[in-house]
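Please read it with the coordinates open.

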Amino acid sequence: MTLKKRIAIATSVDWPELLPEERPLVDAFEAAGLDAEPLIWSDPSIDWSAYDAVLLRSVWDYYKRHLEFTEWLGLLDKSGVLVLNETDLIRWNADKKYLLELRERGVAIVPSQVAAGACLREVVAGLDGQQIVIKPTVSGSAYNTVRGVAGSAELDQAMTDLPDDVYLVQPFLPEIQTDGEWSLLFFAGEFSHAVVKRPAAGDYRVQQQFGGESTLEEPTPAILESAKIALSAASIQPTYARVDGVVVNGRFLLMELELIEPYLFIPEHPAAAGHLVGAIAARL
């Protein structure tokens with residue numbers, strides 16, 4: 001009798017059984033003849049080598065425990081278990097400085113500068129009068145992210161309250177409020193579906209916890225092609241990916257290449273669970 005292959009779905013202490021909207025993944029694995037089990041990535045008692053693959057999902061505290069998280073990736077490397085996406089890709093994607101590398105490879109990104117310490121204030125001073133966004137290069141869900149007018153007392157105070165870290169400085173794009181932010185999902189390099197995320201009235205953060213809403217929409221050929229170009233510029237081609245961007249003056253600008261634990265928008269597109277499982281089964 002052939003034993004089913006076992007999949008560890010890495011999650012966090014906040015979501016030990018996965019997000020409710022991601023539970024269909026467990027059913028999709030079962031339908032594909034695979035055993036899948038949610039496990040907390042930071043639990044030291046787990047023997048990850050006992051599994052055939054580790055799939056990262058709701059490890060949404062990784063950026064607050066970045067050193068511990070990278071040590072865990074090293075542990076997975078030593079265990080020899082297949083990790084999806086690959087650990088080298090995860091390490092690269094965990095720091096938003098990768099955006100500058102993609103820009104060097106010809107990808108159109110939201111204009112970005114990286115700065116730390118005193119250099120942060122120098123960079124902001126050079127943007128005097130402009131609406132800007134400042135975010136840590138290792139972050140997620142708008143963590144320690146501030147928006148304001150460069151040179152204003154309000155932004156100066158907000159910067160004073162920021163912890164000592166490395167930051168990404170970008171212009172604020174009003175198109176996010178008027179037109180929304182695109183998220184395009186790919187599995188094994190194949191386009192699956194796309195949503196447009198829009199912030200609540202008066203806000204700029206598109207995340208659901210801040211009142212943002214998402215709707216399933218069909219990207220134009222130009223948007224889809226731009227997303228494919230951004231994805232192809234990654235050093236390792238991922239098993240799953242989400243390409244986030246905004247259209248400015250008719251041009252798609254990359255905001256994020258989400259390769260670690262991207263939200264998949266399964267409620268908006270239920271077939272996504274099967275698409276991801278199919279891509280993983282092909283790797284086993």
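1. Basis. The model is predicted, and local features need pLDDT of at least 70, side-chain atom pairs count only at pLDDT 80 or more, while totals for chains, interfaces and linings use all residues. Residues are numbered from 1 along each chain as its sequence is written, and side-chain values use heavy atoms, with hydrogens and water left out. Helices (H or I, at least four residues) and strands (E, at least two) are DSSP runs, numbered from the N terminus.

2. Helices α1 and α9. Helix α1 (residues 24-31) packs against helix α9 (residues 271-281) at an angle of about 50°, and the axes are 9 Å apart. Axes here are lines fitted to C-alpha atoms, for helices over the stretch in contact, with angles from 0 to 180 degrees between N-to-C directions. The two helices are therefore oblique to each other; angles under 35 degrees count as roughly parallel, over 145 as roughly antiparallel, 65 to 115 as roughly perpendicular and the rest as oblique. The crossing of α1 and α9 is right-handed, a term used if the near helix is turned clockwise from the far one by less than a right angle, with anticlockwise giving left-handed.

3. Residues between α1 and α9. On the α1 side the contact (heavy atoms within 4.5 Å) is made by Pro 24, Leu 25, Ala 28 and Phe 29, and on the α9 side by Ala 273, Gly 274, Leu 276, Val 277 and Ile 280. By class, eight of these residues are nonpolar, one is polar and none is charged. In this scheme Ala, Val, Leu, Ile, Met, Phe, Trp, Tyr, Cys and Pro count as nonpolar, Asp, Glu, Lys and Arg as charged, and the others, Gly among them, as polar.

4. Helices α5 and α6. The axes of α5 (residues 118-125) and α6 (residues 153-160) come within 12 Å and cross at roughly 160°. That makes α5 roughly antiparallel to α6. This crossing is right-handed. Leu 120, Arg 121 and Val 124 of α5 meet Leu 155, Asp 156, Met 159 and Thr 160 of α6, a set that divides into four nonpolar, one polar and two charged residues.

5. Cores. A nonpolar core is a set of buried Ala, Val, Leu, Ile, Met, Phe, Trp, Tyr and Cys residues joined through side-chain atoms within 4.5 Å. Buried means under 20% relative accessible area, exposed over 50%, and partly exposed in between (1.4 Å probe, protein chains only). Which members of the largest core touch the most other members? Of its 49 residues, these are Phe 29, Val 54, Leu 56, Phe 69 and Trp 72. Among the elements that give two or more residues to this core are β1 (5-11), α2 (66-79) and β9 (181-187), and α9 gives the most, with six residues. A second, separate core of 26 residues includes Val 107, Phe 186, Leu 224 and Phe 252.

6. Leu 56 and Leu 168. Neighbours within four places in sequence aside, the contacts of Leu 56 include Ala 10, Phe 69, Trp 72, Tyr 240 and Ile 260. Leu 168 sits in strand β8 (residues 166-171) and counts as buried at 0% relative accessibility. Its C-alpha is 8.1 Å from that of Val 133, 35 residues away in sequence.

7. Backbone geometry. Leu 84 and Asn 85 are joined by a cis peptide bond, with omega about -5°, and Asn 85 lies in the loop between β4 and α3 (87-93). Leu 18, not a glycine, has a positive phi of about 75°; Leu 18 is in the loop between β1 and α1 and is buried, at 5% relative accessible area. Ala 188, also not a glycine, has a positive phi of about 55°. Ala 188 lies in the loop between β9 and β10 (190-198) and counts as exposed at 51% relative accessibility.

8. Asn 93, in helix α3, counts as buried at 5% relative accessibility. His 275, in helix α9, is partly exposed at 35% relative accessible area. Leaving aside neighbours within four places in sequence, His 275 is in contact with Phe 187, Ser 192 and His 269.
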